[in-house]
Amino acid sequence: QGGNYNTVGLDAGVSHAEGAFDINLNLSHQSSDGYQARTIDNFDSGLVNNSLAGSLGYQGNGHELRLRLIAARGNIEYSNFGSPANQDFENSLISASWAFAPATAGAAPNTRITLSRITDHIDQQERNYLGDLDFARATRYRLDARHEHTWRAHTLTGGLMLEREEA
């Protein structure tokens, strides 16, 4: 893909399933020289974003297991009170989930437990008023549990999420 402002978008993906197993991988690149974000700015605000997403899964005997990875890295330019600024970023998600169904033959999985690790890193490329480069780092660990119970024509859904953040 291509467009105005030297915008480029490249995407590639592959997936395969055999029996109870499946795997997929997607790669993406997005970039642009950007445009003038404010009419009073005399510079363009562009971006670069490279990302990867993949999963590996198993489905069988009323169970579903899935590992996921999503990662992105890039740079975003922006207007900081009329001055050009930019920041590098790196984000990722790694998760493992287990879904299972009741002993009823042919029932769809209705309980899911997921463990995740999520990271966000930002590095400013311009110095602040003290002459330092600002940054932000956060890592979150999450446990999600969800259950659906169907009774006649009604479905009741409940869940719990526990999260710990290190910043």
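**View 1. S95 and its contacts.** Leaving aside neighbours within four places in sequence, S95 touches R66, L67, R68, T114, L115 and S116. Contact here means heavy atoms within 4.5 Å. S95 sits in strand β6, residues 83-100. Strands (E, at least two residues) are DSSP runs, numbered from the N terminus. S95 is buried, at 8% relative accessible area. Buried means under 20%, exposed over 50%, and partly exposed in between, with a 1.4 Å probe and protein chains only.

The model is predicted: local features need pLDDT of at least 70, side-chain atom pairs count only at pLDDT 80 or more, and totals for chains, interfaces and linings use all residues. Residues are numbered from 1 along each chain as its sequence is written, and side-chain values use heavy atoms, with hydrogens and water left out.

**View 2. The nine-strand sheet.** An open sheet has nine strands in the order β1-β2-β3-β4-β5-β6-β7-β8-β9, with antiparallel pairing. Two strands pair if DSSP finds at least two bridges between them. Strands of a sheet pair through backbone hydrogen bonds, either parallel or antiparallel.

**View 3. Strand β6 and its partners.** β5 and β6 run antiparallel and are joined by 18 bridges. I76 has Q87 in β6 as its bridge partner. N80 stands opposite S83 in β6. β5 and β6 form a hairpin with two residues between them. F81, in the turn, has a positive phi of about 55°. β6 also pairs with β7, in the antiparallel sense, over 14 bridges. There, F89 stands opposite I122 in β7.

**View 4. Aromatic pairs.** A search of the whole structure finds three aromatic pairs. Rings of Phe, Tyr and Trp (its six-membered ring) pair if their centres lie within 6.5 Å; planes under 30 degrees apart count as stacked, over 60 as edge-to-face and the rest as tilted. One of the pairs is F21 with Y58, which is tilted: 5.1 Å centre to centre, with 50° between the planes. This pair links distant parts of the chain, with F21 in strand β3 (residues 21-35) and Y58 in strand β4 (residues 45-60), 37 residues apart. Y58 is partly exposed, at 24% relative accessible area. W98 and F100 form another tilted pair, 4.4 Å centre to centre and 35° between the planes. W98 is partly exposed, at 35% relative accessibility. F100 is partly exposed as well, at 22%.

**View 5. A nonpolar surface patch.** L65, W98, I113, L115, L143, L160 and L162 make a nonpolar patch of about 610 Å². Patches are made of residues with over 30% relative accessible area and no salt bridge; like charges are joined within 9 Å, and nonpolar side chains (Val, Leu, Ile, Met, Phe, Trp, Tyr) within 5 Å. A salt bridge is a side-chain nitrogen of Lys or Arg within 4 Å of a carboxyl oxygen of Asp or Glu. Accessible areas come from the Shrake-Rupley method with a 1.4 Å probe; for residues, only the protein chains shown count as cover. β7 (111-127) and β9 (154-166) are the elements that give two or more residues to the patch. L65 lies in strand β5, residues 63-80. L65 is partly exposed, with a relative accessible area of 41%.

**View 6. G2 and F21.** G2 lies in strand β1, residues 2-3. G2 is exposed, at 65% relative accessible area. G2 and F21 are 19 residues apart in sequence and 36 Å apart in space, C-alpha to C-alpha.

Terms used. Helices (H or I, at least four residues) and strands (E, at least two) are DSSP runs, numbered from the N terminus.
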